[in-house]
Amino acid sequence: MRKLAPVLAALALAATACGSGEPAAEAKTLTVFAAASLTESFGALGKRFEAQNSGVSVKFSFEGSSALVQKLTQGAKADVFASADKTNMDKAAKAELLGGQPSVFATNRLAIAVGKGNPKGVKGLADLAKDGLTVVVCAPQVPCGSAAKKVQQSAGVTLKPASEEQDVKSVLAKVRSGDADAGLVYVTDAASASADVDKVDFPEAAGALNDYPIAVLKDAPQAQLAGLFREFVLGPEGKAELAKAGFGTP
C-alpha cells in the first residue's frame, strides 16, 4: 500500500483536474495574408478576434497584394486573403486559390505624404513632377502603384520617381526617414503616420478608388475559423475599426 500511495494520489489529482470545469480549448492558429495598408486596422481586429475566440491565435502576413498572391501560387498556406484591389484577388481566383466568393469590405484612395510642415510646399499632384523633388511611389503591379499610374494618366502628369516600392509601407518609410520629399500612399497610411508626416489631398485621387476584397482560401487549414474571421471583418466591429483608420465603405 505504501508503494501504491503516490500512484493513487497522482491519479486522484488528475481526475480532479479533469473534472474542474470545461476542458481547455484546443489552440488554433488562423493565418491571414493581408495587404500592407491593412496593418494597423487588421492588427487591432486580430486582437479582438482572439479575445472573442478562446485558444485562437491570429497570425498575419502583411505585404503588397501582388507579392502575397505570388506566395500563394507558389504553395504558401494561409486561411484568409485580403487584397488592396480586385485585380490581385482575380489573380488568386484564376489560380483556383479561393474557397468561396470574395466580398469587398472597404475602399481606399491615394494621398501625398510629405515631411512634417510640408517643407517643399507640395500642394497637389502636379507639384510632384517639379525638378528638385525626390518622389517615391509603389511599383505598377502593386495596388497603390496601379492607382498612382491611373491618377497620373487622368491628370496628365508624368512623375519620375526615385524608386518604385513593393508595398505602400515602404513608400511611407522613405518619406518618414527623409529619404524622399514626397510619396503617393493611401490616406489611411498617411493617417497612421501623422506624427511623422503630413498629408496632402488631391482631387484626382477620387478617380482611382481601390476596392478591398476578402476571401477564404481553398483548402484553408482552419476553414471554419477563416469563415468566422471573414464575417467579423464584414460585420459591425470590422466596419467600425476600418472607418476609424480612414477606410471608406464599399
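The model is predicted: local features need pLDDT of at least 70 and side-chain atom pairs count only at pLDDT 80 or more, while totals for chains, interfaces and linings use all residues. Residues are numbered from 1 along each chain as its sequence is written, and side-chain values use heavy atoms, leaving out hydrogens and water.

**Overall form**
- The chain has nine helices and 10 strands, taken as DSSP runs (helices H or I, at least four residues; strands E, at least two) numbered from the N terminus.
- Its radius of gyration, over C-alpha atoms, is 23 Å, well over the 18 Å that the globule rule gives for 250 residues, so the chain is more spread out than a compact globule. That rule is 2.2 Å times the number of residues to the power 0.38.
- The C-alpha trace spans about 95 × 40 × 30 Å along its principal axes.

**Burial**
- Of the 250 residues, 45% are buried (under 20% relative accessible area; exposed is over 50%, partly exposed in between; 1.4 Å probe, protein chains only).

**Aromatic pairs**
- The count is 10 aromatic pairs, with ring centres of Phe, Tyr and Trp (its six-membered ring) within 6.5 Å; planes under 30 degrees apart are stacked, over 60 edge-to-face, the rest tilted.
- Phe60 and Phe62 are stacked, at 5.0 Å centre to centre and 15° between the planes; Phe60 is partly exposed at 22%, as is Phe62 at 26%.
- Tyr212 and Phe247 pair edge-to-face, at 5.4 Å and 75°. This pair links strand 10 (residues 210-216) to the segment after helix 9 (236-245), 35 residues apart.
- Tyr212 is buried at 0% relative accessible area, and Phe247 is buried at 7%.
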